[in-house]
Amino acid sequence: MKETLVLRTVIDDGTANLQCTLFDKEALEMLELSELTVGAQAAVDIKRDYLLGKETLMLLRFRNNQYGELEAVCRQVVSHHPDAKEEIAFVESKLKKLKA
């Protein structure tokens with residue numbers, strides 16, 4: 001039976017933080033691994049310092065957990081090296097289309 005890889009993280013944008021969970025493929029992508037060759041905890045321990053403070057662009061689904069707190073589930077890791085100016089231009093272009 002295949003073990004499910006679950007990576008629980010905290011997203012912090014400087015104004016607030018949010019719990020985020022990544023499963024299997026997305027967790028491997030966040031860890032920048034093609035497969036898990038060591039135990040899940042060992043992989044996270046090895047990558048922990050690399051992941052701290054890392055800017056990453058993800059598609060998230062939001063929900064309230066059992067305690068009524070907002071949390072996110074990662075649907076896709078889009079980029080490990082997002083360009084803020086490029087992302088702002090993308091969002092602005094989408095907003096202009098919505099207003100038209």
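Which residues make a nonpolar surface patch of about 420 Å²? The views below are taken from a predicted model.

**View A. Phe90, Val91, Leu95 and Leu98 make the nonpolar surface patch.** The patch covers about 420 Å². One of its residues, Leu98, lies in helix H3, which spans residues 84-99. Leu98 has a relative accessible area of 71% and is therefore exposed, the cut-off for exposed being over 50%.

**View B. Glu32 and Lys54 form a salt bridge between distant parts of the chain.** The N to O distance between the two side chains is 3.5 Å. Glu32 sits in the loop between helix H1 (24-30) and helix H2 (40-51). Lys54 sits in the loop between H2 and strand S3 (57-64), and the two residues are 22 residues apart. Glu32 is partly exposed, at 36% relative accessibility. Lys54 is also partly exposed, at 21%.

**View C. Asp45 and Arg48 are joined by a salt bridge within helix H2.** Their closest N and O atoms are 3.1 Å apart. Asp45 is partly exposed, with a relative accessible area of 41%, and Arg48 is partly exposed at 40%.

**View D. Glu71 forms a salt bridge with Arg63.** The closest N and O atoms of this pair are 2.9 Å apart. Glu71 has 8% relative accessibility and so counts as buried, for which the cut-off is under 20%. Arg63 is partly exposed, with a relative accessible area of 39%. The count of salt bridges in the model comes to three.

Conventions. Residues numbered from 1 in each chain as written. Predicted model: local features only at pLDDT ≥ 70, side-chain atom pairs only at ≥ 80, totals over all residues. Heavy atoms only, no water. Patch = residues over 30% accessible without salt bridge, like charges linked within 9 Å, V, L, I, M, F, W, Y side chains within 5 Å. Areas by Shrake-Rupley, 256 points an atom, 1.4 Å probe, with all protein chains shown as cover. Salt bridge = Lys/Arg side-chain N within 4 Å of Asp/Glu carboxyl O. Helix = DSSP H or I, 4+ residues; strand = E, 2+ residues; numbered from the N terminus. Buried < 20%, exposed > 50% of the residue type's maximum accessible area, 1.4 Å probe, protein only.
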